[in-house]
Amino acid sequence: MSAIYVHIPFCKQKCKYCDFNSYAGLAAFHQPYVNALLTEIASQADCYGAFGTVGSIYIGGGTPTLLEPSYIASIITSLKGRFAITPDAEISIEANPETVTYEKLAVLRESGVNRLSIGFQSLDDDLLTLLGRKHSAQQAVDAFNAARRAGFDNINIDLIFGVPGQMLANWALNFEQAAALEPEHLSCYGLTVEPGTALECEITTGALAMPDEDMQADMFAYTMESLEESGYGHYEISNYAKPGKECRHNLVYWDNRDYIGFGAGAHSRIGNKRFANTAKPTDYIETAGTDLFKPEEIELSIDDEMSEMLFLGFRKMEGVNLEAFASRFGCSVQDIYGAQIEGLLDDGLIESKNGLLRLTPRGIFIGNEVFSRFV
Ligand code: SF4
């Protein structure tokens, strides 16, 4: 089963920590952008003729719920008309609290959207301001309740921990308030300081200081323990779900399956080829459907594919399936990465069990250290 991603690059304002391909102040481009998307979907669908069955559509951003819901409906209709979307496909949309109302959510649900991912990030108004978010904690809770009333029975809440000035007690309180809403899925990410962001500037100048690594690790450990006790499965480093509510779309990425991305800066993966659309929304609008529309194409080597299968596989708590690796590449993981695997086993960062290699609890905290050994 494959997936389709649609990128909506518009936001009300740029959050201080964000380095995504998203832009504030482009409201005038909403309609031209959706027209360009519909053009790209129509013109590129033939190229992807043998793409196969699609089990997930994910409309992300940016803030897709800034768009009129009728635009979202037209995108879904266009995709359904051109791809083999399964009747029970997961159709997700990312939402920010200040951009949704019950009425808007009801139209989205009616259009076929069946999974909502709401960017709470925090339930502390001071931290929301510090992060440059545009909404209050109450607006986040109101958005969640409105989504339930509108018929969404599959909701993810995004949270961020390790914010400057945040202590464990504050994270625990925030986190418990969000978990008390009983979302089907929670994504809990440690804040990272990305180059070129306003947050990086404030950290560099000393205006803000990140919590130390021990504090971040304590928050991570608290999150893992609390959610597992509450019946959520920890299925990926930062993601937790009630049974059967794992995000199908992200599993396509982590399982190395094919996906097509539409929109500015969207990436696609078909077999060993990767494609990347032009990132700038105005360039995308100008070129979609013309001869100038030329996604950058990269062909992965076997070495690239092998390392990708490992570091994506390690993101999942079930780990890397050794038999699947051997049947895909005709050699064992140990043949290629024997030294790295031995080193990680000796360091206690991974373990081998039932034909799977997976992160240990210690390895989970420093996953990037594990991934870096395969690049
Ligand atoms: S709403 Fe999301 S995509 Fe937009 S600026 Fe904030 S973090 Fe980035």
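**Exercises on a predicted model**

Gly62 sits in the loop between β4 (53-61) and α2; helices (H or I, at least four residues) and strands (E, at least two) are DSSP runs numbered from the N terminus. This is a predicted model, where local features need pLDDT of at least 70, side-chain atom pairs count only at pLDDT 80 or more, and totals for chains, interfaces and linings use all residues. Numbering starts from 1 along each chain as its sequence is written, and side-chain values use heavy atoms, with hydrogens and water left out.

**Exercise 1.** Work out how α1 and α2 are oriented to each other.

*Solution.* First, take the geometry: α1 (residues 30-45) and α2 (residues 69-82) pack at about 5°, axes 10 Å apart. Axes are lines fitted to C-alpha atoms, for helices over the stretch in contact, and angles run from 0 to 180 degrees between N-to-C directions. Angles under 35 degrees count as roughly parallel, over 145 as roughly antiparallel, 65 to 115 as roughly perpendicular and the rest as oblique. The two helices α1 and α2 are therefore roughly parallel. Then look at who touches: the contact (heavy atoms within 4.5 Å) includes Leu37 and Ile41 of α1 and Ile75 and Leu79 of α2. By class, this α1–α2 contact has 9 nonpolar, 4 polar and 1 charged.

**Exercise 2.** Find the strand that holds Gln121, and describe its phi.

*Solution.* Gln121 belongs to strand β6 (residues 115-121). Gln121 isn't a glycine, yet its phi is positive, about 65°.

Note on methods: Nonpolar A, V, L, I, M, F, W, Y, C, P; charged D, E, K, R; others polar.
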